[in-house]
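Good morning, and thank you for coming. Please look at the model on the screen while I take you through its elements and a few of its residues.

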Amino acid sequence: MESRGSVPARPPSYEGVWRFTAAAVDASVPQARHAVRDLLNRQGVPVRDDVVQGLLLIVSELVTNAVRHAALLSPQLAVEVAIGAEWIRVAVEDNHPYRPKALETDYGQTGGRGLLLVREITREAGGTCDVEHTSSGGKIIWAALPL
């Protein structure tokens with residue numbers, strides 16, 4: 001029997017997009033981090049431990065920013081995890097129109113460097129991150145890291 005082509009490869013079983021919402025309160029920060037870690041484990045995503053740790057720190061920082069800076073106008077936030085064959089993307093969406101900027105390193109401050117940290121973790125992992133406006137006037141802050 002002659003073969004006239006290859007059978008298309010099935011996508012890995014861990015690929016997909018998951019989204020959950022949470023109240024813009026402090027308790028949502030560890031809940032989001034645990035939810036993302038549990039999702040990665042449940043889906044069997046083949047990701048190195050250092051990438052997981054960086055990803056969880058990014059989730060913590062982005063949810064913390066939404067809680068601290070957007071809760072007044074956005075009592076709910078959404079976390080989305082998209083996993084492809086070679087990458088993983090996390091995004092946090094809120095309804096506040098302000099587009100944050102990464103602050104420069106100021107060792108005299110005890111806070112305010114979350115986006116700088118997200119940018120650096122993403123860069124070191126060979127990924128990318130950005131802030132986008134939503135059609136409803138809010139924003140989505142996301143980071144994508146290679147698996």
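I begin with a pair of helices: H2 and H3 are roughly antiparallel to each other. The word has a cut-off: angles under 35 degrees count as roughly parallel, over 145 as roughly antiparallel, 65 to 115 as roughly perpendicular, and the rest as oblique.

Before going further, a note on the source. This is a predicted model, in which local features need pLDDT of at least 70 and side-chain atom pairs count only at pLDDT 80 or more, while totals for chains, interfaces and linings use all residues. Residues are numbered from 1 along each chain as its sequence is written, and side-chain values use heavy atoms, with hydrogens and water left out.

Now the overall picture. The chain contains 3 helices and 5 strands, where helices (H or I, at least four residues) and strands (E, at least two) are DSSP runs numbered from the N terminus. Along the sequence, they follow the order β-α-α-β-β-α-β-β. Of the 147 residues in the chain, 40% are buried; buried means under 20% relative accessible area, exposed over 50%, and partly exposed in between, with a 1.4 Å probe and protein chains only. A contact means heavy atoms within 4.5 Å. Among the contacts with a separation of 6 or more, 65% join residues 24 or more positions apart.

Let us return to the helices. Two packed helices are described by the angle between their axes and the distance between the axes. Axes are lines fitted to C-alpha atoms, for helices over the stretch in contact, and angles run from 0 to 180 degrees between N-to-C directions.

How do H2 and H3 cross, left-handed or right-handed? The axes of H2, residues 49-70, and H3, residues 114-125, come within 9 Å and cross at roughly 155°. Their crossing is left-handed. A crossing is called left-handed if the near helix is turned anticlockwise from the far one by less than a right angle, and right-handed if clockwise. On the H2 side the contact includes Gly54, Leu57 and Ile58, and on the H3 side it includes Leu117, Val118 and Ile121. By class, this contact has 7 nonpolar, 4 polar and 1 charged residues. For these classes, Ala, Val, Leu, Ile, Met, Phe, Trp, Tyr, Cys and Pro count as nonpolar, Asp, Glu, Lys and Arg as charged, and the others, Gly among them, as polar.

H2 also packs against H1, residues 28-43: the two axes come within 9 Å and cross at roughly 150°. Here the crossing is right-handed. Among the residues making the contact are Val29, Arg33 and Val36 of H1, together with Leu56, Ser60 and Val63 of H2. The classes in this contact are 10 nonpolar, 3 polar and 2 charged residues.

Ser60 is part of helix H2 and is buried, because its relative accessibility is 9%. Not counting residues up to four places away in sequence, Ser60 touches Val29 and Arg33. Ser60 and Arg33 are 27 residues apart along the chain, yet their C-alpha atoms are separated by 6.1 Å. Elsewhere in H2 we find His69, which is exposed, with a relative accessible area of 56%.

Next, the loop between H2 and strand E2 (76-83), where Ser74 lies. Is Ser74 buried or exposed? Ser74 counts as buried, since its relative accessible area is 1%. A polar atom of the Ser74 side chain lies 2.7 Å from the backbone oxygen of Gln76. Leaving out residues up to four places away in sequence, Ser74 touches Ala24, Asp94, Asn95 and His96.

Asp94 leads us into strand E3, residues 87-94. With 5% relative accessibility, Asp94 is buried. Its side chain makes a polar contact with the side chain of Lys139 at 2.7 Å. A polar contact is a pair of N or O atoms within 3.5 Å; within protein, one must be able to donate a hydrogen and the other to accept it, and residues adjacent in sequence count only if both atoms are side-chain atoms. A polar atom of the Asp94 side chain also lies 2.9 Å from the backbone nitrogen of His96.

Finally, which side chain does Arg19 reach in a polar contact? Arg19 sits in strand E1, residues 16-23, and is partly exposed at 47% relative accessibility. The partner is the side chain of Glu93, at 2.8 Å.
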